[in-house]
Amino acid sequence: MSSPLQIRQAASAIRNEGVICYPTESVFGLGCDPLSYEAVDKILQLKQRPVDKGLILIASRIEQLAPYVQLSDAQHTQLLARTSATTWLVNKSSATPLWISGRHNKVAIRLSKHPVVQALCDQLDSAIVSTSANPSTQTAAKTLLRVKQYFPDELDYYLNGKLGDAGNATPIIDMQSGETIRG
C-alpha cells in the first residue's frame, strides 16, 4: 500500500493538472482530473489514443461520479451492489466533457475497491480518469518498472502499489442494455 504522504503527493499532482500512474485492480493506470483538458490531452498523446474513443472514470464512492452520470434508482442500486471489478457504460450528464465521453452519449465508470484508488479518490474527493498505462499498441503495464519504460520522466507522479487480483482488464458492460463491450 502506498503511504498517506505518497497519496497526498499524487493527489497534488492531479490538482495541478498533472498525469500520474497508479495501481488498479488489474494493471497500472494513467490518471488525471477529468475536468482538465490539458491533462487528458497529455494522456491521449502519451497513449497515442484518439479522443473519440472516450475514457473511464473511477471513484471510491458513487457521489464522486454523480457530476458525470445520470443514473436511475435501479442503476444506482445495481452499481452499489456489484462486488467484482466491472466498468459500466451509463448515460452521461451534460457536465461530462467531450474529452471524457468521446463520440459516445454514455460514459464508462467504475467504483473501485482497490485501496490505492480509494485513498486517492478520497484524498481528492473526486473521480479520476483511468486508462491503462501503456501506448495503445503495447501491452498494459503490470509493474511500475514497465510504466517507467513506457513513459520515462513523462508523468508527474509514479504511485507504486500492489495490483489487485482481477488479472485482466475489467469487463465493460452497458448498464442499460446488458451488452458486454469488453469481456
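Which backbone oxygen does the side chain of Gln64 reach? The legends below take this up in a predicted model, where local features need pLDDT of at least 70, side-chain atom pairs count only at pLDDT 80 or more, and totals for chains, interfaces and linings use all residues. Residues are numbered from 1 along each chain as its sequence is written, and side-chain values use heavy atoms, with hydrogens and water left out.

**View A. Gln64 in helix α3.** Gln64 sits in α3, residues 62–65 (helices are DSSP runs of H or I, at least four residues, and strands are runs of E, at least two, numbered from the N terminus). The side chain of Gln64 reaches the backbone oxygen of Cys121 at 3.2 Å. Gln64 is buried, at 4% relative accessible area (buried means under 20%, with a 1.4 Å probe and protein chains only). Beyond neighbours within four places in sequence, its contacts (heavy atoms within 4.5 Å) include Asp122 and Ser126.

**View B. The buried face of helix α1.** The buried residues of α1 are Ile7, Ala10, Ala11, Ala13 and Ile14. Seen down the helix axis, they fall within an arc of 155°, so they line one face (the arc is that of the directions from the axis to the C-beta atoms). They pack against β1, α6, β6 and β7. Just after α1, Glu17 has a positive phi of about 65°.

**View C. The largest nonpolar core.** A nonpolar core is a set of buried Ala, Val, Leu, Ile, Met, Phe, Trp, Tyr and Cys residues joined through side-chain atoms within 4.5 Å. This one has 36 residues, and Phe28 and Val147 are among those touching the most other members. Helix α2 gives the most to this core, with five residues.

How values were computed
Buried < 20%, exposed > 50% of the residue type's maximum accessible area, 1.4 Å probe, protein only. Polar contact = N/O pair within 3.5 Å; in protein donor to acceptor, adjacent residues only side chain to side chain.
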